[in-house]
Amino acid sequence: MRSPVAGDPGIPDVRGPIGYLWWLARGQARLLIIGIGFAVVWWLGQALVPAALGRAIDALIVKDAGSLVRWSAAVLGLGVVQAVTGALRHRMAVYNWLSAAYRTVRVTTRQATRLGATLPKRLSTGEVVSVGNSDIEHLGGSMEILLRGSGAVVAITAVTVILIATSPPLGVVVLVGVPLATVAVGPLLRPLHRRQNRQRDLQGELATRAADIVGGLRVLRGIGGEQVFAARYREESQRVRRAGVRVASVDSMLAGAEILLPGLLIACVTWLAARFALDGRVSVGQLVAFYGYAVFLIAPIRTLTEAADKITKGHVAARRVCRVLSMEPEIQDAPGLRETPREDPPAPDRPSDGVLVDEESGVAVRPGRLTALAAAVPEDAIAIVDRLGRYAPGEVTLGGTPLAELPVAFVRRHIVVADNEARLFTGRLRHELDVRGTATDEDVRRALYDACAEDIVAALPDGLDAEVAEAGREFSGGQRQRLRLARALLADPEILILVEPTSAVDAHTEARIADRLGKARAGRTTLVCTTSPLVLDRADHVLFVEDGEVRAEGGHRELLAISSGYRSSVIREEN
């Protein structure tokens, strides 16, 4: 992964999924160490119980009351230790799970913000949603299992040492059997990893399909396409189900191995201990202790196989996250600016004082004026807007300074492009309109008035405190367009570029917006891309673009008289 740009210290510079998992562990090292400490004490508390219990039984056989009381107290003390450290271990496990999961959410959100318009071009909605759904769960699980896994290793080591000290043959059996039982599940991990990758890809595709269907449900009902898309969704859902079954088949074999392999080891240890007890090589208490150890070993060995499973899933999830973090925005600061970022460019001192010029098309947006751009082909206007807003590379200058030499953050702060692809997000309408949280009630009211959107708010039971549904689906297309316009006006940027802001409203509303827009933006630089005669007639200056270049400019009525291309584009008159 390439190093993050200056100003993005929260985006890790990692290389591959292993690097990302290491970054997560390093970032919460203190929590992990504390949790591992509690896990080790918790496991050791369990591991020492058979030894104390065996000593108590031997004391009972020889009728040593003092030893019986002491070892009984030891068993009780170990139980208390387990209870306390078990609760603390679980608490730290939750802390570590949440830390890993939400640090992932944080860095992916920052990266999504940094990528901006680049993200939807590179990744589907389902891919992004899956990071916040399943991936964070697996990454959290991979950190949480480190606590129990580390403690399990210490517990197995402690039991092995005790067994070797008591009976070397039994100790050797455990010393050899535990690694073999752990390694034996290795052949299952590779197909599990591969099938989990496949299922994860299909889940992302299915989530994208679902988002598309929900977003376009009104259109689907209008054209009668519900059954067709339902059939496609059903087919893809079945593919995900079959992939899940294939994962489950390997997962079930892994779960079976977690029981079978420790069970075989337990049977072997118990059988040998019983033989040694019959031969008098171990006492009755030691036999009971050996059986207790054999039963106890089931849990740490299963924990190790569980750790292999969870770390495998975490590796798959980390690969997805790394795919997002490895992307670079299409538009970035120049290398020099990245090394020494500046808040303000050398010129112009105020963006509103400089002329915004697109050299390729010849479009020049004069400061403090309402300029309209009418294009014979709508795609030409969109291409020009992308260059002026620095969403696409181009030879654009602001006050004589190339836009490419200015920090992207500066451009975004002072030049706002508002088009009909902008979304309304879920939440209170007031917060949706006032994205910076600095506007007064009067500011909001004035922006709604200028966008002719007061009636929309008045019709809502809770007014500005009403909750906006996903993508503002409770509003009509024209209502959403007016609310987007109000949001753009409330932002009050020094340079505002509007793309077809009245295309979805009726003629009377369009006329009112055209009358109010110039007054609302008085003293500010505004460019409106439109072919609406009502808006063009109220602009201070009109530019006509044909074949990607400015062919004529002047007032609306003047252009109607002198340019047949403009006339045919605006009033749909045949040449």
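**Rings and their partners**

A: Let's start with a charge and a ring: Arg103 lies over the face of Trp23, 4.4 Å from the ring centre. A charge counts as sitting over a ring if NZ of Lys or CZ of Arg is within 6 Å of the ring centre and within 35 degrees of the ring normal. Arg89 is placed over the face of Trp42, with 4.4 Å to the ring centre.

Please keep in mind that this is a predicted model, where local features need pLDDT of at least 70 and side-chain atom pairs count only at pLDDT 80 or more, while totals for chains, interfaces and linings use all residues. Residues are numbered from 1 along each chain as its sequence is written, and side-chain values use heavy atoms, leaving out hydrogens and water.

The structure holds 4 aromatic pairs (rings of Phe, Tyr and Trp, the last by its six-membered ring, with centres within 6.5 Å; planes under 30 degrees apart are stacked, over 60 edge-to-face, the rest tilted). One of these is the edge-to-face pair of Trp43 and Phe296, with 6.0 Å between centres and 70° between planes. This pair links distant parts of the chain, 253 residues apart: Trp43 belongs to helix H2 (residues 29-47) and Phe296 to helix H11 (residues 284-296). Helices (H or I, at least four residues) and strands (E, at least two) are DSSP runs, numbered from the N terminus. Trp43 and Phe296 are buried, where buried means under 20% relative accessible area, exposed over 50% and partly exposed in between (1.4 Å probe, protein chains only). With Trp42, the residue under Arg89, they form one aromatic cluster.

Elsewhere, the rings of Phe544 and Tyr566 have centres 5.7 Å apart and planes at 85°, so this pair is edge-to-face. Here strand E11 (residues 541-546) holds Phe544 and helix H23 (residues 564-571) holds Tyr566, 22 residues apart. Phe544 and Tyr566 are buried.

What about charges that pair with charges? Side chains of opposite charge can pair when their charged atoms come close. A search of the whole structure finds 23 salt bridges, each a side-chain nitrogen of Lys or Arg within 4 Å of a carboxyl oxygen of Asp or Glu. Among them, Glu328 meets Arg114 at 2.5 Å, N to O. Glu328 sits in the loop between helix H12 (298-325) and helix H13 (335-339), and Arg114 in helix H4 (residues 65-115), so the pair ties together parts 214 residues apart in sequence. Glu328 and Arg114 are buried.

In the salt bridge between Glu454 and Arg516, the closest N and O atoms are 3.9 Å apart. Glu454 lies in helix H18 (residues 454-458) and Arg516 in helix H20 (residues 507-520), so this pair ties together parts that are 62 residues apart in sequence. Glu454 is partly exposed at 33% relative accessible area, whereas Arg516 counts as buried at 17%. Glu144, Arg148, Glu306 and Lys310 are linked in a network of salt bridges.

Finally, stepping back to the chain: its secondary structure comes to 23 helices and 12 strands, and buried residues make up 46% of its 575 residues.
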